[in-house]
Structure formats: C-alpha cells, structure tokens
Amino acid sequence: MPGSEILIRSLMAEGVDTIFGYPGGAIMPVYDTLYDFQQQLRHILVRHEQGAVHAAQGYARVCGKTGVVFVTSGPGATNAITGIADAMMDSTPLVVISGQVGASLLGFDAFQETDVLGMTLPITKWSYQIRRPEDVAWAVARAFFIARTGRPGPVVLDFAKNAQVGAAEFNYKPVNFIRSYVPTPDVSDEKIREAAAILNSAQRPMVVYGQGIILSHAEKELAEFLDKTGTPAASTLLGLSALDSKNPHYKGMVGMHGNIGPNIKTNECDVLLAVGMRFDDRVTGVVGTYARQARIIHIDIDRAELGKIIPVEVGIEGDAREALKALTQIVNPARHDEWEASFDKCNADETELVSRHEVAPGAGHIRMGEVVDAVSRIGKSEAIVVTDVGQNQMISARYSTFCHSRSLLTSGGLGTMGFGLPAAVGAKVAAPDRNVCVFCGDGGLQMTVQELGTIMQEKLGVKIVLLNNNWLGNVRQWQQLFFGSRYSFTRLDNPDFQSLAGSYRITHRRVEKREELDEAVKQMLANPDEPFLLEVHVEEQDNVFPMIPPGKSITDIMLNTNNWYEYEPLAKK
C-alpha cells in the first residue's frame with residue numbers, strides 16, 4: 001500500500017483517534033488517504049499550524065494520550081515551530097508529521113522546502129526524515145514510544161512526498177525498546193533509604209512538586225506521602241491541580257507570583273523534597289539565596305535535572321510515582337502541626353494585604369481576581385482552566401481552585417502568548433462533557449484569534465473569558481515597576497469583540513458593572529456545549545501581586561507598588 005496509507009494505519013495501530021492539522025501541497029497524499037478513514041479518525045481543521053500544535057498540547061495534557069499533528073512543508077512546518085518548542089519545554093507528548101518535498105529534490109531549494117530536521121532537532125526528543133515508504137511504520141512506532149515514555153516530549157517526522165506515494169508492505173510492530181534509550185530508570189533503593197533517613201530527621205520538612213506528578217500519575221502517591229509524614233506541600237505553576245485545593249497539606253503555589261507562605265517557608269524548611277520539577281528561575285529567584293539552609297532531595301525522571309541548578313544532597317533518578325511509593329513505605333509516620341500552622345499566618349497576611357482587595361474590592365472597576373474567583377466559585381472548581389500568558393495567566397493560577405487533576409493548562413517554560421485559545425480547543429475535544437474555560441488577555445487572544453473559526457466549525461463549547469484592559473498587561477506592569485512608567489508600545493486599540501464573536505456565531509456578553517458579573521458567569525457555564533465569549537472590562541492599571549521582582553530572593557516580596565512584605569528570618573524569631 002502507499003506510504004500515506006501505511007501512516008494512517010500505523011497511527012490507528014497506536015490508538016490514535018484525533019488529529020489536529022492543516023493540509024497543503026507536500027502532505028496532500030496523506031490527506032487524500034485520510035478521506036477514506038473519516039469514520040475511524042477525527043480530524044480537527046485548525047486555522048493556523050501553530051494552533052494545531054497548541055490544540056494537540058491541550059488534548060494531550062487533558063487526556064494523557066499523545067497528540068498528533070499534520071502540517072505541510074515550508075511555512076506549514078515553520079508555523080509549527082513555536083508549538084513544538086512549547087511542548088518540549090513543558091514535556092508534552094506529541095507526534096508532529098510534516099510534509100516534505102520529494103527526496104530527489106532535497107537540498108535544491110525546491111518550492112516550500114525547508115530544513116525541518118535542522119530546525120527541530122534542538123526542540124524535540126527526536127526528529128527523523130522518512131524518505132522511503134518502507135520506513136514509515138518503523139518511524140511511527142519509534143516516534144510514539146519516544147514521545148510518550150520517560151520525560152515526555154515532541155517528536156517530528158518529516159515525510160518526503162515520494163515516501164507518501166511510493167508503495168511498500170504494511171507490517172506494523174509497536175516499539176517497546178530502543179537500545180541506549182532508557183526512558184524510565186529503576187529507582188535506587190539506596191537513594192530511597194538515604195532520602196528516608198533525611199526525612200525522618202526533619203523538623204520542618206516541605207515538598208515542592210511540579211508537573212512530573214501529573215505526568216507519572218502520582219497524585220494518589222503524593223497525597224499518601226503527605227498524610228503519612230504530615231508534610232506541607234506547594235505546587236509549581238504546571239503542578240497545579242495535582243492535589244485537591246482543599247487538601248489540608250496543600251499550602252499554595254511557589255514562584256514569582258506565588259503565595260507568600262510557600263515562598264517564605266522554602267527558605268525556612270530544614271528538608272526540601274522536590275518532586276517532578278526543575279527549579280525554574282521563576283521558582284527560585286536568585287539561586288544563591290534559594291533554600292540554602294535546607295537538605296535537598298530531588299526526584300526527577302530526567303537525570304539532567306538533578307543538580308543542574310540547585311545542588312542536592314540526594315538525587316533520585318526515576319519515575320515520581322514509583323519513587324514516592326517506595327519512599328512512603330519506609331519513611332516514619334510523623335506530624336508537624338506547628339510547622340504546618342506557620343504557613344497559615346503567612347496566608348492570612350496575604351489574604352488581608354492582597355487577596356481580599358483583588359477578589360472582593362467592593363468599589364471601583366472590576367478586578368481580574370474577582371473574575372477568576374467568580375468562575376471558580378460558581379463552577380464549583382469543576383472546570384478545566386486554560387490560560388494564555390501574561391497577567392491573565394498568573395491571576396488565573398492564583399485564584400482558581402481545583403478538585404480534579406489535569407485541570408490547569410498553561411504555557412510554562414516558553415510562556416507563549418496565543419497558547420490559550422487553541423489549547424482550549426484541544427482540551428474540549430479531549431473532555432467534551434466538562435466546562436473548559438480559557439482566560440485570555442486582549443493581547444494574547446488576538447495572537448491566535450483565528451481559532452474561533454475552529455470552534456465554530458467543530459461546534460466546540462469553549463468558554464472564553466476575556467480580561468479586557470486595553471493593554472499588554474504584563475509588560476505594562478513591568479514597565480510601571482521597573483522602567484519608570486515609560487509605557488513603550490503596550491497600549492492596545494482593540495476591535496469590537498462582540499461583532500467579532502457574532503461573526504463566528506459565538507454567544508457574547510460584555511460585563512462592565514460588578515453587579516452583573518456573577519449572573520453572566522452563570523449564563524456562560526449553564527450549557528457546556530455552547531461556545532461563549534465573556535468579555536469583562538477590568539481595571540486598566542490592575543497589577544498582579546504578590547510579586548518577587550527579577551534579581552531578588554524569594555523572600556523579597558512586593559505586596560503592591562509601594563509596600564514589601566515584612567519578612568523576619570527564622571533565626572531572629
């Protein structure tokens with residue numbers, strides 16, 4: 001059969017049921033074959049290749065499967081680059097299949113030829129060019145094994161046109177072993193014993209966990225470890241929703257716009273257990289002042305992360321679920337009531353000094369935080385929350401609450417504006433029965449606004465919450481705080497979003513008065529199958545606090561533009 005059919009049948013052998021893509025000349029034979037498989041495979045026609053990759057990311061992160069993308073050569077492939085890099089930074093399993101000119105034309109600057117391998121090798125787990133139909137099934141099997149195992153990530157298959165139309169025997173063999181590639185190393189019993197001994201001696205232990213908990217399906221194991229050891233825990237941005245927000249050991253989020261308690265206590269704990277996180281600079285602040293007093297244990301499936309940024313006493317290479325399970329079995333039961341209670345004082349301070357003014361200001365223009373709070377409160381924390389990047393992202397992370405894992409989707413490592421809307425498309429395809437709410441700023445929404453067409457054509461009930469302040473809000477905040485309020489090219493003149501939504505047959509409601517907000521959110525959430533654009537005009541000069549400024553320690557916390565948190569080091573208490 002032709003290589004294009006071998007590709008389709010190989011995808012089906014891997015359990016693929018959904019593809020996000022955009023056709024073009026160099027991948028047209030694949031699309032021609034796909035025409036005959038419309039009953040078995042759902043194809044989501046996006047409006048831009050970047051949107052296809054972000055949608056596949058949203059799909060993969062909600063349902064845990066590998067996202068699949070079809071794009072054509074040249075500009076089709078280059079348009080996908082941002083999404084591929086985003087998936088690599090955030091460990092999202094994807095297989096991106098790009099069309100390519102025929103093998104005999106490679107290197108001759110043929111129409112729409114680009115060096116896809118050269119461009120994608122640094123931002124993928126594996127990139128491979130298929131030049132013969134005989135290699136199609138082998139390459140697909142290998143691609144899926146690499147993408148989903150170990151630390152997940154994107155794989156690119158550059159599919160030459162002659163390999164699509166040429167014929168070969170179909171003989172698909174799933175891959176479960178590649179020589180020299182050990183995706184899930186065995187957890188060292190010796191390292192587990194060393195970690196347990198350190199934890200057993202702790203008076204002020206703390207856990208900081210990341211998306212590795214979600215990727216390894218270790219939510220239950222994390223909760224059991226915290227219950228047995230009486231340890232407070234904090235999440236990174238991408239780790240949010242791994243623990244129920246009401247879990248008594250959950251103390252909030254760390255990082256630049258994280259909660260005061262977890263940030264402060266990171267520099268007071270005597271043992272820090274880091275699980276499935278990579279000590280990003282937005283989490284650590286100045287590395288030289290980060291948790292210097294603590295004995296640090298780091299669990300990560302990627303050996304390269306152990307000791308890469310923060311020196312660790314015990315580095316445990318392996319799957320987070322297996323490591324936590326082994327650790328919980330041998331660590332001593334413990335309670336640290338006084339230590340856990342010390343977080344409450346910081347969180348009470350944050351509520352009084354920051355949060356209550358953001359969530360319930362009572363007067364003035366609507367604040368971003370009260371919009372997020374209303375969606376979470378009225379939706380009873382059941383929705384999948386997707387964010388774009390910027391102030392909307394940080395405010396959504398701060399004031400959303402969760403009762404199910406895989407319920408927060410955002411662009412973490414790359415910080416890609418435009419991620420939100422197409423990622424929400426993929427999330428809704430993966431979870432059609434749940435409300436999917438995407439929070440966007442007016443800047444980020446317009447970067448991939450064309451995906452409203454995808455929502456319209458596929459009849460997807462995506463709920464878009466537009467926090468409209470007529471600014472590139474996050475950049476404006478930094479300009480205000482660190483550049484003397486010199487607002488260089490951050491003011492936006494926006495379109496009429498009501499007319500825009502109407503042109504895509506999407507219900508729109510504009511809210512400018514506080515007393516209308518709750519009723520509008522109820523209207524938006526009432527029917528999970530109805531696409532809805534809720535445009536809320538928020539305070540233009542609203543900022544996201546607390547904030548740890550760049551170049552500062554995690555204990556240097558701004559409460560607003562004029563005041564800092566009065567932190568008294570533990571040794572002086």
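Guide: Rings of Phe, Tyr and Trp (its six-membered ring) pair if their centres lie within 6.5 Å; planes under 30 degrees apart are stacked, over 60 edge-to-face, the rest tilted. Ring pairs join Trp126, Tyr128 and Trp138 into a cluster. The model is predicted: local features need pLDDT of at least 70, side-chain atom pairs need 80 or more, and totals for chains, interfaces and linings use all residues. Numbering runs from 1 along each chain as its sequence is written, and side-chain values use heavy atoms, without hydrogens or water.

The ring rule gives 10 aromatic pairs. Tyr31 and Phe70 make one of them, edge-to-face, at 5.9 Å centre to centre and 75° between planes. Tyr31 sits in helix α2 (28-34) and Phe70 in strand β3 (67-71), so the pair ties together parts 39 residues apart in sequence. Helices (H or I, at least four residues) and strands (E, at least two) are DSSP runs numbered from the N terminus. Tyr31 counts as buried at 14% relative accessibility; Phe70 is buried at 0%. Buried means under 20% relative accessible area, exposed over 50%, partly exposed in between (1.4 Å probe, protein chains only).

Phe279 and Tyr290 form an edge-to-face pair too: 5.8 Å centre to centre, 75° between planes. Phe279 lies in the loop between β10 and α13 (281-284), Tyr290 in the loop between α13 and β11; they are 11 residues apart. Both are buried.

Beyond its neighbours within four places in sequence, Leu272 is in contact (heavy atoms within 4.5 Å) with residues including Phe279, Tyr290, Met206, Val208 and Ile297.

Now the strands. β10 (271-275) and β11 (295-300) pair in parallel over five bridges; pairing takes at least two DSSP bridges. Ala274 faces His298 of β11. The open sheet has six strands, ordered β9-β8-β7-β10-β11-β12, with parallel pairing. β9 (250-253) and β12 (314-317) are at the edges with a single partner each, so one side of each has no neighbour in the sheet. Neighbouring strands are turned by 20° on average, direction ignored. Axes are lines fitted to C-alpha atoms, for helices over the stretch in contact; angles run from 0 to 180 degrees between N-to-C directions.

Two helices complete this view. Helix α11 (219-229) packs on the sheet, touching β7 (205-209), β8 (233-235) and β10, at about 170° to β7. Helix α14 (320-330) lies across β10, β11 and β12, at about 145° to β10.
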